[in-house]
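Biologist: Please walk me through the charged side-chain pairs in this entry. I am new to it.

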Amino acid sequence: MGATIIPAPHRCFNMRNPLAKALVLFITVSLFGTLLLQQSGDIDVRAAFLKTASTAKDAVSSQRPLGSNHQQSGWGGDSVHTPVEMTGDHQPDHPNDLANVTSNGNMHCDYDMGRLREWKKKYKLQDRFEYTRRYIQVSRQPIARKSLTKLDENFLSDHVKVVDVNKHYQPEACPAPLVVPVSRSPYPSTANASDFMFGVSTTYKRFVDPKTNPTNEWKYWLTDNNGSSNGGKLLLMLMGASDSEMADVREQLTSVGIDVDVYRSSPSDEMAVRYLNLVPTLYNHPLRSQKKWLVTCDDDTFFPSLHALIAQFETYDHTKPKYIGTFSEDSNNVMRHGEQAFGGAGVFLSVPLAALVTENFAQCKSPEKIKEANTGWGPQGDVLLRKCIYEHSPVRLTLLDSLWQLDMLGDPSGFYESGIQPLSLHHYRGGGWHSALPFHYTKVSHLCGEECMMQRFKTADDFVISNGFSVAYYPEGTDDLDFDQLEGTFRSAPDYKGWNLDFKWGPQRAGLAKTGRKLSWDLQEAEIIWEDEEKKDAEGENKKDQSEEGQNGSAKQEKKKEERRRVKEVRQIYVRKHDDWRWKLADGTTPMSRFDGVVELVWLPDMTE
């Protein structure tokens with residue numbers, strides 16, 4: 001099953017284009033046949049010519065949508081292509097009844113109407129919407145990670161298919177999977193974070209709120225994603241929490257394998273002081289002697305690349321006082337608050353430096369210092385920590401630019417589609433900042449390795465997969481787009497001057513919203529299908545998907561640590577709404593498609609490993 005694509009007009013006679021090849025074939029056959037007919041009246045020659053010409057014409061006809069505009073090809077026009085409906089009362093006994101299945105048995109191109117109806121309700125889609133499923137085969141190779149990998153294959157192989165959730169359709173043959181080369185990077189579950197102890201200050205209310213609960217995100221970077229700790233230790237400060245609330249939080253976190261100690265902080269303390277207090281709390285912990293780095297961060301800080309983070313910190317001398325972090329991307333914030341490490345990106349202190357802060361803690365949190373840390377937005381914990389370090393030592397900040405504070409508003413696509421490999425992410429829960437789903441973005445890393453998340457793959461038909469974030473289509477081609485530059489889709493807050501994000505990101509290329517040049521499906525959910533769960537389901541044990549809920553932590557701790565869990569496949573669901581303000585034609589008002597759309601990518605593992 002597939003969808004119609006619309007190549008750029010200036011490329012329609014490129015010989016890589018199937019339409020161009022078909023036209024050349026048709027013209028060649030016509031000329032050759034004309035010569036034959038002039039020299040022979042033999043009916044067989046004429047019939048053979050007409051048959052060959054008809055074949056060439058069919059090839060042109062079947063490819064016609066590839067060279068047409070939006071309306072002719074199904075992107076919002078009157079031409080609608082639908083799957084073949086089931087006849088009579090027949091329903092497939094098994095979703096594989098008519099499907100084309102590969103040798104590894106993982107490819108099934110049926111229409112699961114139950115899932116389609118579920119998406120319709122969950123994402124408020126129309127009853128009729130475009131649906132495309134594409135299988136992607138990972139090829140792990142001893143190569144360096146590329147920001148953008150160009151593929152010779154097309155993303156799509158057929159028309160856009162519009163499904164009606166009230167009908168049933170016959171399964172279809174699956175096209176060959178799209179093969180993507182990726183580096184042979186380590187898997188998240190094999191990370192050893194035992195050199196790090198993390199401190200976070202938050203509230204019980206934020207923890208239990210489904211919109212801000214951090215359990216799934218923390219599980220990714222603090223466990224092996226199989227119910228056991230990865231060696232990283234978490235100290236969690238809950239402002240004014242009761243004993244029962246602290247016990248509840250500890251139970252929730254330990255049940256998924258997170259090694260956590262829960263503390264109560266005083267609501268009478270300034271927020272900046274509660275943040276600064278994380279440092280002596282970390283330093284005075286009994287496990288401090290086993291750690292090299294003590295880290296303060298926010299409850300919405302996410303570390304997507306643990307192996308890369310660990311490798312980076314192995315280049316620093318942890319026996320010396322070290323203060324490591326990054327600035328805000330917004331130069332306004334640096335001018336306003338100062339040149340300290342911004343805490344949401346993660347602040348890394350070596351144990352000797354944490355000892356210095358602990359020794360001077362009383363002085364550093366005095367009323368005078370709290371007042372000095374007020375930059376106009378109230379006392380800032382980041383500023384209080386920087387002042388404590390700078391005023392009591394010669395140590396200065398070591399910048400690590402691959403940590404990201406992400407002080408930005410609006411559409412975050414320009415960042416997440418940039419192809420970079422971030423060491424940290426922040427401010428992704430909305431509430432004034434941008435909204436993103438890093439827990440879902442990184443699920444594919446369990447299949448293809450840590451480095452493939454946010455890696456870009458550009459197909460021959462001008463689709464760009466920003467792995468885990470979006471699938472974007474460029475109907476007029478990409479030859480004039482510089483993918484080494486970020487697309488300017490976001491802005492800073494509160495004062496956007498047009499240049500204040502440039503010193504960290506560089507000047508951004510013009511955004512493509514409301515130009516008719518880009519159509520994008522954004523990831524809304526991802527699901528890991530583990531091989532061991534498939535086997536146990538087949539045995540009737542119906543084990544729940546641990547990618548979402550986890551199991552009893554104590555029982556898992558008693559089990560001997562096994563090899564890395566193998567992934568059967570990862571399913572990603574990307575959604576586009578027809579009335580999305582971004583995807584309009586150049587007039588700024590006409591939608592590029594009159595239908596909502598869903599693209600389902602199913603990632604298959606490298607079967608050679």
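Biologist: Is D532 buried, exposed or partly exposed?
Modeller: This is a predicted model. In it, D532 has a relative accessibility of 25% and therefore counts as partly exposed, since buried would require under 20% and exposed over 50%.

Biologist: Which residue pairs with D532 in a salt bridge?
Modeller: The partner is R565, with the closest N and O atoms 2.9 Å apart. R565 sits in the loop between α21 and β18, while D532 belongs to helix α20, residues 531–538, so the pair ties together parts that are 33 residues apart in sequence. R565 is buried, at a relative accessible area of 8%.

Biologist: How many salt bridges does the count come to?
Modeller: The count is 34. Among them is the one between the side chains of E130 and R576, at 2.7 Å from N to O.

Biologist: On to R582: what does R582 form a salt bridge with?
Modeller: R582 pairs with D411, and their closest N and O atoms are 3.1 Å apart. R582 is in the loop between β18 and β19, whereas D411 is in the loop between β12 and α16; the two residues are 171 residues apart.

Biologist: Are R582 and D411 buried or exposed?
Modeller: Both R582 and D411 are buried.

Key: Residues numbered from 1 in each chain as written. Predicted model: local features only at pLDDT ≥ 70, side-chain atom pairs only at ≥ 80, totals over all residues. Heavy atoms only, no water. Salt bridge = Lys/Arg side-chain N within 4 Å of Asp/Glu carboxyl O. Helix = DSSP H or I, 4+ residues; strand = E, 2+ residues; numbered from the N terminus. Buried < 20%, exposed > 50% of the residue type's maximum accessible area, 1.4 Å probe, protein only.
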